[in-house]
Amino acid sequence: MISLSSVHNERVEETSTDTDDGIIFINNNNTMSLYLGSTICLLALVLTRQTYKLSAGFRNKLVTKTKYHETSLDSPPSLKASVMLSVFQNAWPATVSEMLQDTETAHGMVFRSLMIAGCLIIMQTDFSGLTPSPHSNDNKSDAPMIVAMMGIVHLLRKHAIALAIGFCFAPAKGIDHDVSELRQQTTAASDESGKSSDELRGIPWLRNTTVHNFSSDQREMVARTNVVGAVHTILATSMLTLMPLLELIALAWETWHFAPFHFTRLVRSLDPCSLVWCTLALMRFLHIVVLTISVCVFMVHFIAGFFFTSGHHTFKGFWSEFAATKLFAQLMVLASIQSWFSWPSVFDAMHPYVQAVALVFAGLHILWYTRFCIRTLFLCLRNVEYKESELCRFFDASRRKERAFQTFLDAQLAFIARVQREFGATHNSSSEEKATDMSSSLSVEGKTRSSRQNGRRSSQMDLVREQVSIIAKLGSFMEVEKENSPIKTHID
């Protein structure tokens with residue numbers, strides 16, 4: 001144990017020879033890339049769900065399929081609970097994919113833009129650099145095969161994020177396919193008006209089963225949707241099953257190397273850095289377990305939704321899948337934060353105020369994520385069954401949020417109107433002043449122009465007079481010359 005800690009300290013000293021320890025701690029490129037990208041992905045999920053509640057489709061379902069707007073906050077708890085349950089069953093989609101299927105809507109644009117941006121940032125992370133092995137510079141290094149396998153795991157952790165990007169470009173609904181429509185058609189496949197298929201005569205279990213008589217266009221749509229749905233499901237399932245497995249392997253690798261060292265510091269001196277590191281390791285493991293349970297619950301209700309028309313399968317599948325995607329984003333955030341505390345000597349070299357900020361920052365994430373993780377665990381263990389008190393509380397919270405949003409919207413519009421009114425009055429007064437100045441300048445210019453015109457007219461009259469006098473003098477001169485000319489005598 002002592003040799004492990006000494007090797008660990010030597011490695012940290014070697015990595016911080018020419019750089020300040022605090023700068024290494026804060027400005028780690030891999031840590032910041034993973035944290036920033038994961039936070040953006042988490043924000044994409046939260047904002048998308050909130051924006052979906054403002055969509056035209058959701059609001060229309062509230063009006064036509066529920067009594068949400070007719071029920072007030074003063075209604076009996078049983079009524080509010082039943083109304084909220086009907087909202088879950090009839091207004092919310094069956095899967096997260098169906099919530100995001102229309103990429104032209106506001107919530108679809110929010111999800112695609114933020115999710116792609118976050119995933120691209122995450123892919124800049126070198127996962128092997130988050131928590132490098134403390135034995136890398138020691139003669140007692142791990143077997144080359146294990147090191148090579150862990151390199152592959154870290155590489156897969158990075159490239160598996162590309163599945164989320166592909167998921168954004170494979171919507172569950174398009175111009176020629178629709179998964180929700182496929183679900184409705186498959187539930188009606190055993191209609192009594194149908195007939196048995198001739199192609200299934202060789203299959204004993206299916207030979208006498210009646211199949212709904214779909215049109216050729218409907219059958220082609222089902223075939224196209226099966227292909228697109230398979231691609232979409234592979235991307236989503238791989239993302240929610242492969243990544244937790246890879247994170248579990250990486251967590252086991254980090255725990256194998258770092259847990260003895262941190263546990264020793266924690267027992268000897270109650271070191272806060274080691275305490276946070278151990279807590280984050282437990283939190284990551286808890287997230288992996290709850291995420292796996294959420295995916296299992298989702299798969300059960302997702303598959304059941306293609307066989308039964310019950311509304312319970314829709315909202316139960318949606319909330320379990322949404323919780324799984326949110327847990328996945330939180331798992332990535334916790335991995336980035338844990339890497340901050342992987343080198344205790346770096347943490348010890350920091351200023352006490354910076355240490356306090358880092359501990360508070362990590363503690364807030366732990367408290368917030370623990371609350372959501374435990375709540376999701378118990379919700380999945382009881383098959384996403386809500387109590388009447390919980391449904392009533394959801395209804396009250398939803399109405400209060402809607403009232404707060406309307407108040408915020410009114411305040412925004414009132415502020416804009418007030419600004420327009422203030423600037424409009426100033427603009428009008430300034431316009432009047434400009435008009436007065438313009439009229440006065442026009443009058444002065446008119447007077448100047450008239451005076452110039454009068455001057456021109458007087459000068460023209462003088463010129464005409466001069467020309468007339470010149471002509472008169474020329475005429476008199478011609479008369480005198482005529483009288484004195486000899487030609488005149490000869491003619492006479």
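1. A nonpolar surface patch of about 460 Å² is formed in this predicted model by Leu 242, Leu 245, Leu 248, Ile 249, Phe 285 and Val 289. Two elements, α11 (216-269) and α12 (272-304), each give two or more residues to this patch, and α11 gives the most, with four residues. Patches of this kind are made of residues with over 30% relative accessible area and no salt bridge, with nonpolar side chains (Val, Leu, Ile, Met, Phe, Trp, Tyr) joined within 5 Å and like charges within 9 Å. A salt bridge here is a side-chain nitrogen of Lys or Arg within 4 Å of a carboxyl oxygen of Asp or Glu, and accessible areas come from the Shrake-Rupley method with a 1.4 Å probe, for residues counting only the protein chains shown as cover.

2. Leu 242 has its place in helix α11, helices being DSSP runs of H or I with at least four residues, numbered from the N terminus. With a relative accessible area of 33%, Leu 242 is partly exposed, a class that lies between buried (under 20%) and exposed (over 50%).

3. The structure holds 18 aromatic pairs, where rings of Phe, Tyr and Trp (its six-membered ring) pair if their centres lie within 6.5 Å, with planes under 30 degrees apart called stacked, over 60 edge-to-face and the rest tilted. The pair of Trp 319 and Phe 322 is edge-to-face, because the ring centres are 6.2 Å apart and the planes stand at 85 degrees. Both residues lie in helix α13 (residues 312-340), three residues apart, about one turn of the helix; Trp 319 is buried at 14% relative accessibility, and Phe 322 is buried at 6%.

4. The charged end of Lys 326 sits over the ring of Phe 372, 4.4 Å from its centre, and that of Arg 399 sits over the ring of Tyr 68, 5.2 Å from its centre. The criterion is that NZ of Lys or CZ of Arg is within 6 Å of the ring centre and within 35 degrees of the ring normal.

5. A search of the whole structure finds zero disulfides, a disulfide being a pair of cysteine sulfur atoms within 2.5 Å. For Cys 168, the nearest cysteine sulfur, that of Cys 119, is 6.1 Å away, and Cys 168 is buried at 5% relative accessible area.

6. Residues are numbered from 1 along each chain as its sequence is written. In this predicted model local features need pLDDT of at least 70 and side-chain atom pairs count only at pLDDT 80 or more, while totals for chains, interfaces and linings use all residues, and side-chain values use heavy atoms, leaving out hydrogens and water.

Methods. Buried < 20%, exposed > 50% of the residue type's maximum accessible area, 1.4 Å probe, protein only.
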